[in-house]
Amino acid sequence: MLTVYLVEDDPLVSQHVREALNEAPGMRCVGHASRLATARSELPQCRPDVLLSDLGLPDGDGTELIGELSHAPAIDGVWHPHILVFSVFGDETRVIRAIEAGADGYFLKGCTAEELVRAVQQAARGESPISPGIARHLLKRFRDAGLAPEPAAREAGPDSGLAPISGLLDLEPAEGGGHEVSTREHEVLRLVAHGYVTEEIAERLLITPRTVATDVRNVYRKLQLGERARVAEQALTRPGWA
Amino acid sequence: MSRPRRIAAALLALALAVLAGCGASQAQDTRRAVELHEAVLVEPSGERSVVLPDAWERSAPARDAPVRYRLVLPDAALHAEAAALYIPRAGNALRVQLNEQPLLTLGVPGEDGRWTSDSSRVPVWVPLPAALLRPVGNRLEIELWGRPGHDAGLSTLWVGPLAELEPMYRARLDHEVFGTWVVSAAASVMGALALLLAARARRFVYACFGAASLLWAWRLSGPPDPGSDAWSALATVLFHASYAWFVVLMSLYALAAVGRDSAAVRRVQAGWAVLALVLAAGLWALDAPGLRTLLLAGTLGGVLWLFAVLAATALRQRSAAALLLAAAAGISVAVGARDFMVFRVFYDYGALTWSRYTILLLLGVLAWLLVDEFARSAAALRALNDELQQRVARKEQELTAAFALTRASEREQAAHAERDRILREMHDGLGGRLVAALALTSQLARQASAPEGSEEGRRPLDEPLRELQLTLDDCLVELRLALDSLEADQRPLIEALAELRFRVEPSLRAAGVRLVWEVDEVAGERVLVAGDTLQVQRIVREALTNVLKHAQATVVWLRLAPREDGGLTLAVIDNGLQQRSGGSDAQPPLPLFVPASIAQGGRGLANMQRRAAALGARLTSGPDPQGWAVVLELPLPPTGAA
């Protein structure tokens, strides 16, 4: 049985989502909160598999809650929910900030019940949804940070400054402290940004749709790691923090 | 004003020093040399005793024949050591004999009556050979030639020890030769400089000063040689007039320098200059020493008047220039009066003129004034420069401010245009859909509340409900697309289409329609203007919405491909019904005030045509082998936009 916890302040939406989840086989909404404070106190008891969280809440931003959950050590060494962010518009800046904080993806408010259920199931399997806009932003961000594999480097061989990233290396954790996206991840992001859906990308890259989704999840992980490293670095360089 | 006072004090000290020096030179009473004041004048008419100095101008203005002066030398002055004879001035030519033995001949005219030089301009120095001296009763005879109007005459004579007389001779020589040379050179240089300055700066006052200086330099060379040609006559006249002219020119300069010149003053000065020339000509023609005295007295009067004016000006203005010039004029008056007394009243033939040195004073004043003026104009220039710089800086600031203002207003305009665009989008798209949704709800309400048996009540509620759901979904997608279009950076067409697909894919899936994505990646990299991109999105979206609403299709292809002419072709093709009703009869009845375009959701072909026209593109819609095709032909991008 897949357990879901909902943080949403709009009663209508909240009701719709809970009904949709409870009607789905093998899935149950174990709790819901309309405020961050309630969620904070209830979550450690409920320990849901998936957390659905709105961003704009009366007593704060859902990103805060996500950050707290992701950065806290896993309770009893086992519990750590998959987190999906709820958004009306899916505007990239907010969503990416949520992903950096530890979210596994997002879905749009107003989608059908089937889509919602599918998104929760995918999240529970470790797959992450993505949109062309977010893919575009991520590509730009990795390119600006110099973490994207250069097309030239792929052909230039080992002599070029960047390590050649082959299919074999893709299985290993990427180099550069794990912040660097692999060639395939990059390609996945590019195809998403160009409008291809998961199934089409899988077809083109000769992989399964699930692999595509986990690739996206890995990209998110790298984004989170990069963000944490940046925060740690800033903390170290801040005066008074010897 | 402490500076003018200091300068005046310095000038006073200088004058006192000069006077003291003169006094000292006369205070020697222990010398053994003897000054001879008496002689016997031998003329064709007879012999008589005369007192030296004997200026012919007074004693015999018209004498034209040589005469002899006979003197008995005092024995005491001759025999102690080597003796010498020193005659400060004798002219115009002379021959000296000691005890009937010739000693010296100077400038004696030849047989033809031609004069070679004027001996009166240099002192005469004759060492007396011991061999020619008798123990007692030595007789000296001086034969003297003179020309009327040429300052002939004989000064007192000195006889005595050579060692004692030589310094006196040297001093006189220095004054006559070296002093003249120095003053003349200085006056020439400054005069030339002043004339150059006048030519460059177009300043009349400097021309006056320059001309006066050069005139003075020329005058210092002494009266012209006593020749008999026309040039000599002209030069003689000019020489006599030159002193007056010098004073006139210097007056003009000084008065202009202190701002006291006027047309009347200039007229008077010019009149006096002409009168002086007339007097000089008369002097030459008539050999009347009285005219010369008149000329010199008039000149001295001119200097006196100038001094009075300058002094008054200095008192009132208290400016350095006026003070200096007044002091110079005052000294000139004193010196001129002294010279006038010595030469015109006492006729001291052997005396030295002091007037020639007054020019040095004037030169100094001019130099100081020039330096002062230069410093002032340099300071003024600097001030002007500073002010200019400040003004430039101020202007620059104003420009920057104006530029910033323009930029701000441009930004504001751009923001305005963007807001207008968004408002239009909201009105055309979202607004229309919401009105339609509202209409649907009222229709639903009517149907729900209709009595069971009526025609309204028999209609099923599913259809309008599904319609309402679609419409609201449409609204949400519309809003999301509008927000997407607010993105600051421009996106390639393919990314805009990707966004669109992401937004409409759920609706298509829910309706059981599969979208086949056939986008040429190279063609998709084309970047359109932000507004155009949105228009393309809208057209595609309307085409897809139409498919959803009316086609009953299962597959829809979205194709983007380059054309051979460089443009792009975008096609939405579905495998649904080839007969499109246009959907108007399927629409629920709406309130009267809702316009038809909104009633149909603004989704008609006409709407797409309108958007295509705004893009400059061509839109066709019609049957296709696969079903139904809406084809948008985008034009070639304008050069430089790609």
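Author: Gladly! Leu206(A) is found in the loop between helix H10 (198–205) and helix H11 (209–237) of chain A, where helices (H or I, at least four residues) and strands (E, at least two) are DSSP runs numbered from the N terminus. This is a predicted model, in which local features need pLDDT of at least 70, side-chain atom pairs count only at pLDDT 80 or more, and totals for chains, interfaces and linings use all residues. Residues are numbered from 1 along each chain as its sequence is written, while chains are lettered from A and ligands numbered from 1 in the order in which they are written.

Reader: Is Leu206(A) buried or exposed?

Author: A residue is buried if 20 or more other C-beta atoms, placed from the backbone, lie within 10 Å of its own, exposed if 12 or fewer, and partly exposed in between. Leu206(A) has 7 other C-beta atoms within 10 Å, so this residue is exposed.

Reader: What is the phi of Leu206(A) near?

Author: Most residues other than glycine have a negative phi. Leu206(A) has a positive value instead, near 55°.

Reader: Which loop holds Arg47(A)?

Author: Arg47(A) also has a positive phi, near 45°. Because 15 other C-beta atoms lie within 10 Å, Arg47(A) is partly exposed. Its loop is the one between helix H2 (36–46) and strand S3 (50–54) of chain A.
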